[in-house]
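This report looks at how one protein chain is packed. Look through the sequence and the model before reading on.

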Amino acid sequence: MTQKIRCLAVDDEPLALGLVKGYIEQTPFLELAGTCGSAIEAISFLENNQVQLIFLDIQMPGLTGISLMRSLTQKPKVVFTTAFEEYAIEGFRLDAVDYLLKPFDYEEFLRAAQKSRDLIMLESGSRNETAGNDYFFVKSDYKLVKIETEHITYIEGLKDYVKIHLNNTPKAILTLMSLKTLETQLPTDRFIRIHRSYIINVRHITGIERNLVHISNIQIPMSDSYKAQLMEMINDRIM
């Protein structure tokens, strides 16, 4: 399974801190490393604990969240959580992944968490262990759904979601995830991106015609920029 991202929640308001804590615990790919009621408490925590992501309030007594981030030499990814819009520009100057304006709901939180995971995975150059496995799980319709990679025909990117099409079920699986995140976790000997919005399983190709890839009775557009990679991948199968 994917290694979870260790998170710290920092907020001087107990209700807000409890909300973020609950959101972290509700998210399968996040792990709550700790909670702090002030930036000063967070500095002490970070001296003895490693985290990859901080959900950080900005306006706190004693030391602000922005001052906290400026003080750190080893900077984790940060998602600022605040009731004040005027801090947004300063927050992004500190390379914040996202900026959640209170009150925010779980869907907004999850989008920020997904963006954070994307960046952490890209920077670490890591690939999910599912790349060597036959299946993985995604969250869809408030439950975890098992996806067997051999049954994936193609994957469609839809803004913040992906739609996973399978040959063993008529209904595609919709999950909140970026196409880029899923691409890094799929076996590279079977899956390839052919368009900014599509990843295909080459084992399910039934034909290629100009800039169209046929998978069963579906025609999927292929961009010129990706065509050479696909042809190289199947070159040893051309007779």
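Two residues are in contact when heavy atoms lie within 4.5 Å of each other. Leaving aside neighbours within four places in sequence, I24 is in contact with C7, A9, L30, E31, L32, F55 and F109. The model is predicted, so local features need pLDDT of at least 70 and side-chain atom pairs pLDDT 80 or more, while totals for chains, interfaces and linings use all residues. Residues are numbered from 1 along each chain as its sequence is written, and side-chain values use heavy atoms, without hydrogens and water.

A nonpolar core is a set of buried Ala, Val, Leu, Ile, Met, Phe, Trp, Tyr and Cys residues joined through side-chain atoms within 4.5 Å. Buried means under 20% relative accessible area and exposed means over 50%, with a 1.4 Å probe and protein chains only. The largest nonpolar core has 22 residues, and I24, L30, F55 and F109 have the most contacts inside it. Its largest share, six residues, comes from α5. A second, separate core of 21 residues includes V10, A42, M60 and Y99.

Helices (H or I, at least four residues) and strands (E, at least two) are DSSP runs, numbered from the N terminus. In helix α2 (residues 39-48), A39, A42, F45 and L46 are buried. They lie on the same side of α2 because they cover an arc of only 110° around the axis, taken from the directions from the helix axis to the C-beta atoms. The face turned away from this buried side carries the exposed residues I40, E47 and N48.

Strands pair if DSSP finds at least two bridges between them.

| Strands | Sense | Bridges |
|---|---|---|
| β8 (residues 152-158) and β9 (residues 161-166) | antiparallel | six bridges |
| β9 and β10 (residues 173-176) | antiparallel | four bridges |
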